Every structure is written in structure tokens, then in C-alpha cells.
Amino acid sequence: MQNNGLLSALSLCRKAGALTTGFDPVKDSVFTGKAVVVFIAQDLSPKTAQRVRQYCEDFVDCLEIPLTMDELSSITRKPAGVFAVTDSNLAKLCKGKLLVKKEEYNGN
């Protein structure tokens, strides 16, 4: 699998209890100030992705990740396309892995 680094980082977040999954739980974590960063799967419906971006707008970064809901289901108990990381150090780790993936896409 191409995105092992990012998937492993998200798995670590889940094991540490710092990963919130699903639209409503993530929305709650954003509004209560627990979410540090929100990630959306690349195959999340455009309408849902827009709604997530809107509720994150003034609170936290909302980033699309190059993983599908099917790929992400390997670390979650049920399919989900919206994730929040609630630990700042783990959020940095995930963002770092995402940045590395984007650089690979750009050929740098």
C-alpha cells in the first residue's frame, strides 16, 4: 500500500485514543475544542466534504488525505470518511506524513 506512513500514523492515533471518527463525533470534537486537525478521505462525497469544511472553517485545519474510506476501514471498526486527531503531537505526526505524500505527488 502506497500510504503506509500516513495510515500507520492514523492507526497510532486510534490506539492512543486520540482519533475521532464519523461526521457527528468529529463535529462535536471540533465545537468542543478537542480536535486539533480534521482529515477527510479522498472519496468522501463532495457535499459531505463541503459540510465538514464549513464546520471546521474558523476552528481547525481540514485536510483531504490520499486514502479512501476502504483503505481507512483497516484501522476503524466501521467505514468512515471523516477523522479528527485530538492530540497535538500526533496531529503533527499525521500532518508530517501527509506533507511527505504531497511532495511525492509533486515529484519533489
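This is a predicted model: local features need pLDDT of at least 70, side-chain atom pairs count only at pLDDT 80 or more; totals for chains, interfaces and linings use all residues.
User: Where do I start? How many helices and strands does the protein have?

Analyst: Begin with the inventory: there are five helices and four strands. Then follow the order along the sequence, which reads α-β-α-β-α-β-α-β-α.

User: Thanks! Next, which strands does E2 pair with, and in what sense?

Analyst: E2 has a partner in strand E3 (residues 61-65), running parallel to it with five bridges. Another partner is E4, joined in the antiparallel sense by four bridges. You can follow this at Val38: its bridge partner in E3 is Cys62, and in E4 it stands opposite Ala84.

User: What kind of unit do E2, helix H3 and E3 make?

Analyst: Together, E2, H3 (residues 46-56) and E3 form a β-α-β unit, and it is right-handed.

User: Now the faces of a strand. Which residues of E2 lie on each side?

Analyst: The general idea first: side chains in a regular strand alternate between the two faces of the sheet. In E2, one side carries Val37, Phe39 and Ala41, the other Val38 and Ile40, and all of these are buried. Five of the five residues of E2 (residues 37-41) are buried, so the strand is largely enclosed by the rest of the structure.

User: What about a loop residue: is Thr76 buried or exposed?

Analyst: Thr76 sits in the loop between helix H4 (69-72) and strand E4 (82-85). Buried means under 20% relative accessible area; Thr76 counts as buried because its value is 13%. Beyond its neighbours within four places in sequence, Thr76 touches Thr21 and Phe83.

User: And how much of the whole protein is buried?

Analyst: Of its 108 residues, 43% count as buried.

How values were computed. Residues are numbered from 1 along each chain as its sequence is written. Side-chain values use heavy atoms; hydrogens and water are left out. Helices (H or I, at least four residues) and strands (E, at least two) are DSSP runs, numbered from the N terminus. Buried means under 20% relative accessible area, exposed over 50%, partly exposed in between (1.4 Å probe, protein chains only). Contact means heavy atoms within 4.5 Å. Two strands pair if DSSP finds at least two bridges between them. A crossover is right-handed if, with the strands pointing away from the viewer, the path from the first strand over the helix to the second runs clockwise.
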